[in-house]
Amino acid sequence: MQPSGFGEKRLAYDSETQGMVSSPKRTINSSVENTMNEHTAKLTVISRNPEETFLIGKIIGRNLTEKDVVALVGDLGTGKTCLTQGIARGLGVPDQYQITSPSFTLINEYQGRMMLYHFDLYRLSRASEMDDMGYEEYLFGQGVTVIEWADKLKGILPDDTLFIFMNYADENERKIIISGQNKKIAIILEELGNGGF
Ligand SMILES: Nc1ncnc2c1ncn2[C@@H]1O[C@H](COP(=O)(O)OP(=O)(O)O)[C@@H](O)[C@H]1O
Ligand SMILES: [Mg+2]
């Protein structure tokens with residue numbers, strides 16, 4: 001693994017507004033672990049706190065385009081919702097909209113520079129529940145779809161889905177593995193190297 005770059009930009013995360021407000025020093029460590037084939041690459045990022053996970057999400061969100069699907073896979077508490085909050089801000093969902101996991105519905109919708117469909121499938125017991133709600137209209141629609149517990153949807157995700165695997169490394173440390181199209185991974189890597197700007 002080779003370190004790819006470090007940022008020295010100053011930012012802080014305000015959990016009330018879910019926005020970036022002030023400025024402790026930060027650096028995010030990232031590395032390209034390997035290129036899986038000519039179209040797909042994998043990037044490993046260590047997040048040391050929720051603020052970094054949020055920022056990583058924001059970088060991802062900024063670089064999403066229409067019809068993109070982001071599949072989040074990882075245990076409870078690994079930061080899937082935290083990352084989604086960053087993605088939403090990166091997509092331009094205004095700060096006054098709190099991004100929380102949909103609990104009684106499977107999906108929340110937000111308007112950013114395009115629609116964001118946020119699925120949380122934690123309570124999904126049968127894949128057929130997804131059919132009932134017409135998930136295909138979201139997944140193959142015009143907006144961006146982010147899916148927590150996406151491993152429950154194996155087999156129905158589009159080929160170019162951006163997969164993000166969230167793992168515990170330590171109490172406040174998460175190992176985030178991002179896997180997707182070369183081009184997208186390269187942009188995300190570059191922005192991480194610039195400290196998130
Ligand atoms: N590096 C980190 N990244 C994200 N969350 C972290 C990190 N370190 C600690 N946490 C804590 O872990 C929890 C993650 O919660 P959440 O985003 O809801 O996870 P999930 O949606 O995967 O269940 C929060 O309480 C957050 O404060
Ligand atoms: Mg969650």
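This briefing walks through the fold of one protein chain, from its overall make-up down to a few single residues. The model is a predicted one, in which local features need pLDDT of at least 70, side-chain atom pairs count only at pLDDT 80 or more, and totals for chains, interfaces and linings use all residues. Residues are numbered from 1 along each chain as its sequence is written, while chains are lettered from A and ligands numbered from 1 in the order in which they are written.

**The whole chain**

- The secondary structure comes to five helices and 10 strands; helices (H or I, at least four residues) and strands (E, at least two) are DSSP runs, numbered from the N terminus.
- Of the 197 residues in the chain, 38% count as buried. A residue is buried if 20 or more other C-beta atoms lie within 10 Å of its own, exposed if 12 or fewer, and partly exposed in between, with C-beta atoms placed from the backbone.
- Among contacts with a separation of 6 or more, 67% join residues 24 or more positions apart. Two residues are in contact if their C-beta atoms, placed from the backbone, lie within 7 Å.

**Helix 1 meets helix 2**

- The axes of helix 1 (50-62) and helix 2 (residues 80-90) come within 6 Å and cross at roughly 40°. Axes here are lines fitted to C-alpha atoms, for helices over the stretch in contact, and angles run from 0 to 180 degrees between N-to-C directions.
- That angle makes helix 1 oblique to helix 2, because angles under 35 degrees count as roughly parallel, over 145 as roughly antiparallel, 65 to 115 as roughly perpendicular and the rest as oblique.
- The crossing of helix 1 and helix 2 is right-handed; that is the word when the near helix is turned clockwise from the far one by less than a right angle, and left-handed is used for anticlockwise.
- Residues making the contact include Phe54, Ile56 and Ile60 of helix 1 and Leu83, Ile87 and Ala88 of helix 2.
- The contact residues divide into 10 nonpolar, seven polar and three charged. Ala, Val, Leu, Ile, Met, Phe, Trp, Tyr, Cys and Pro count as nonpolar, Asp, Glu, Lys and Arg as charged, and the others, Gly among them, as polar.
- Helix 2 is largely enclosed by the rest of the structure, because 10 of its 11 residues are buried. Among them are Lys80, Gln85 and Arg89.
- After helix 2 comes glycine 92, whose phi is positive, near 85°.

**The nonpolar core**

- The largest nonpolar core has 44 residues, and Val70, Leu72 and Ile164 have the most contacts inside it. Such a core is a set of buried Ala, Val, Leu, Ile, Met, Phe, Trp, Tyr and Cys residues joined through C-beta atoms within 7 Å.
- Helix 1 gives the most to this core, with five residues.
- Leaving aside neighbours within four places in sequence, valine 70 is in contact with Ile87, Thr145, Val146, Ile147, Leu162 and Ile164.
- Isoleucine 147 lies in strand 8 and is buried, with 27 other C-beta atoms within 10 Å.
- Not counting residues up to four places away in sequence, isoleucine 147 touches Val70, Ala71, Leu72, Phe119, Leu121 and Leu153.

- Isoleucine 188 is found in helix 5 (residues 182-193), and counts as buried with 22 C-beta neighbours inside 10 Å.
- Beyond residues up to four places away in sequence, isoleucine 188 touches Leu43, Ile59, Ile60, Asn63 and Ile178.
- Isoleucine 188 and glycine 61 are 127 residues apart along the chain, yet 9.7 Å separates their C-alpha atoms.

**Loops to look at**

- Most residues other than glycine have a negative phi.
- Lysine 67, not a glycine, has a positive phi of about 80°. Lysine 67 sits in the loop between helix 1 and strand 5 (69-73) and is partly exposed, with 15 other C-beta atoms within 10 Å.
- Glutamate 66 is in the loop between helix 1 and strand 5 and counts as exposed, with 11 C-beta neighbours inside 10 Å. Leaving aside neighbours within four places in sequence, glutamate 66 is in contact with Met114 and Gln142.
- Tryptophan 149 has a positive phi of about 60°. Tryptophan 149 lies in the loop between strand 8 (144-148) and strand 9 (162-168) and is buried, with 20 other C-beta atoms within 10 Å.
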